[in-house]
Amino acid sequence: MFCVVTTFSLFSIMKYGLIAAGEKHTAEAGQHILESGGNAFDAAVAAVLTSMTSEYALTSAGGGGACLAWPKNKKPIVYDFFVDAPKTDKNRNIEFFETVVNFGTTKQLFHIGKGSIAVPGCIKGLFQIHKELGILPIEQVMEPAIRAARFGIRLNKCQAYVIKLLEPILTYNQLDEQILTKSDGTLIGEGDILKNPDFGDFLEILIKEGPDYFYSGIGSNLILSQSKSGGFLDERALQQYQVYRRHPVKSQYHGKTIYSNPAPSTGGTLIGFFLAILNESKLSPSPENIALAMNITHQARHHYKKESYNILSKNNINTFKSKIENQEWVFKKTNPSGRGDTTQVSILDKEGNAVSITTTNGEGSGYSIPGMGVVLNNMLGEEDLNPDGFHLWEKQVRIPSMIAPTIVASDAGPELILGSGGSNRIRSAISQVIINYFQNNKDIETSIAHPRIHLEGSSLHCEPGIKLDFQNKIPEEVDIIKWNNQNMFFGGVNAVTNDAAVGDQRRGGVGIVC
């Protein structure tokens with residue numbers, strides 16, 4: 001399905017800043033904070049908290065994320081607040097089951113239940129970002145999100161579509177059903193108002209008590225009342241959770257430096273590797289060569305497994321670059337990737353502060369926290385994040401993720417701030433936008449709107465407008481899947497430059513220059 005919404009790309013001198021986000025109310029929350037004297041980091045926190053209502057099916061305070069922050073005249077830093085896997089025990093009686101989501105042309109199984117809930121990171125992460133980098137009072141930063149939760153937002157076509165898709169998961173428990181159904185018992189849809197007053201009340205409590213309420217106070221008891229019996233989440237897991245400040249992974253492409261999410265996340269490293277081998281090979285960025293680079297990146301990821309950060313060494317790039325030059329395709333069986341219920345905010349303010357922040361809740365576990373209006377994640381049930389099998393964690397540990405908030409810079413500073421939703425399509429979407437913008441010299445709106453490809457095992461997915469040269473380019477093993485429309489499957493890149501802000505229409509994105 002193609003989500004048609006208003007998208008802005010305004011080339012003008014900004015007065016307050018630029019913001020690109022996955023939905024209009026999300027972007028407007030960031031705009032309001034910028035125009036009220038806040039900086040990019042205040043605006044990012046406000047936008048993400050608002051998205052927990054306006055993009056209800058994509059992100060939540062019960063999920064996790066990562067933020068690449070670049071304060072003016074300082075070095076960029078990554079705030080890793082992705083979810084933790086608590087210590088698991090196969091001898092426990094766990095609620096963990098499959099549910100079917102019908103996509104129309106296909107059906108897909110997801111794993112939900114209390115045994116799918118990982119330790120949430122969003123609340124602690126957003127509070128730490130604000131404390132260390134924000135300048136406005138937290139109550140002012142939270143005001144747009146509280147207003148959105150209490151008075152509601154009108155669902156656009158894209159958000160209504162995602163809620164409909166995930167109806168079996170989102171209405172599994174009575175708490176979500178009260179938010180997502182109308183008085184006649186039917187599911188809310190496009191044009192209807194989604195309200196979550198409990199979430200507004202919860203944010204008011206956080207203003208007074210801070211994140212400790214969620215991780216060790218009364219709020220933690222409410223969380224465990226839903227998740228402890230039948231799941232792995234417990235008091236110790238919540239209390240041990242911490243935000244990690246990391247140095248971004250760096251790579252080079254077309255004379256620019258790319259900063260992104262480092263290990264244990266794999267997304268940022270694989271973006272750097274993919275672009276490096278394509279650039280070093282001197283091959284044109286044709287769809288055929290991009291598909292081959294995707295295949296070779298998958299080979300490298302499989303080869304290095306848990307040590308994917310090693311692949312950025314010069315020797316390894318040269319080794320795998322030769323595979324591109326020799327057209328060395330290798331196909332391995334892969335599981336179908338998840339939907340990628342993820343959302344992204346990119347901001348550049350008038351002072352030059354830059355931020356790219358990505359958050360996700362998976363598809364949701366089927367459970368919400370009583371009195372909070374917070375949907376709990378299902379990250380322990382995501383196949384992409386648990387490739388060796390479920391519930392194998394021997395100690396509490398940060399789960400490796402695909403999310404990749406990214407900033408591309410020259411010696412003068414940030415030139416492109418971007419990120420994407422889309423599970424393992426995150427890296428292919430971000431990479432193709434970077435290629436379009438810096439190598440193909442397209443403007444950022446065209447770079448994002450340009451048709452994309454994505455290689456999934458031996459299946460090459462192509463949006464309309466992709467033309468392939470089959471002569472000695474694409475092996476016979478590759479199954480070409482042609483999509484009839486641009487689709488959220490191919491990610492949702494929201495990006496800002498020094499003079500433009502563009503949201504990806506594939507996922508209902510909006511850009512604002514203010």
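This is a predicted model: local features need pLDDT of at least 70, side-chain atom pairs count only at pLDDT 80 or more; totals for chains, interfaces and linings use all residues.

Residues are numbered from 1 along each chain as its sequence is written, and side-chain values use heavy atoms, leaving out hydrogens and water.

**Exercise 1. Work out how H4 and H8 are oriented to each other.**

Step 1: Find helix H4 at residues 138-151 and helix H8 at residues 197-209. Helices here are DSSP runs of H or I with at least four residues, strands are runs of E with at least two, and both are numbered from the N terminus.

Step 2: Look at the axes, which come within 7 Å and cross at roughly 165°. Axes are lines fitted to C-alpha atoms, for helices over the stretch in contact, and angles run from 0 to 180 degrees between N-to-C directions.

Step 3: Classify the angle: under 35 degrees is roughly parallel, over 145 roughly antiparallel, 65 to 115 roughly perpendicular, and the rest oblique. H4 and H8 are therefore roughly antiparallel.

Step 4: Check who touches whom, with contact meaning heavy atoms within 4.5 Å. The H4 side includes Met142 and Ile146, and the H8 side includes Phe199 and Leu203. In this contact, 10 residues are nonpolar, one is polar and four are charged. For that tally, Ala, Val, Leu, Ile, Met, Phe, Trp, Tyr, Cys and Pro are nonpolar, Asp, Glu, Lys and Arg are charged, and the others, Gly among them, are polar.

**Exercise 2. Do the orientation exercise again for H12 and H13.**

Step 1: Helix H12 covers residues 267-281 and helix H13 residues 287-304; their axes are 9 Å apart, at an angle of about 130°.

Step 2: H12 and H13 are therefore oblique to each other.

Step 3: Among the contact residues are Phe273 and Ile277 in H12, plus Ile290 and Met294 in H13. The classes come out as 10 nonpolar, two polar and one charged.

**Exercise 3. Find the residues with the most contacts inside the largest nonpolar core.**

Step 1: A nonpolar core is a set of buried Ala, Val, Leu, Ile, Met, Phe, Trp, Tyr and Cys residues joined through side-chain atoms within 4.5 Å. Buried means under 20% relative accessible area, exposed over 50%, and partly exposed in between (1.4 Å probe, protein chains only).

Step 2: The largest core has 63 residues, and Ile399, Leu418 and Ile434 have the most contacts inside it. Apart from that core lies another, of 61 residues, with Met142 and Tyr215 among them.

**Exercise 4. Is Glu288 buried or exposed?**

Step 1: Locate Glu288 in helix H13.

Step 2: Its relative accessibility is 6%, so Glu288 counts as buried.

Step 3: Skip residues up to four places away in sequence, and Glu288 touches Trp329, Lys467, Leu468, Asp469, Lys473 and Ile474.
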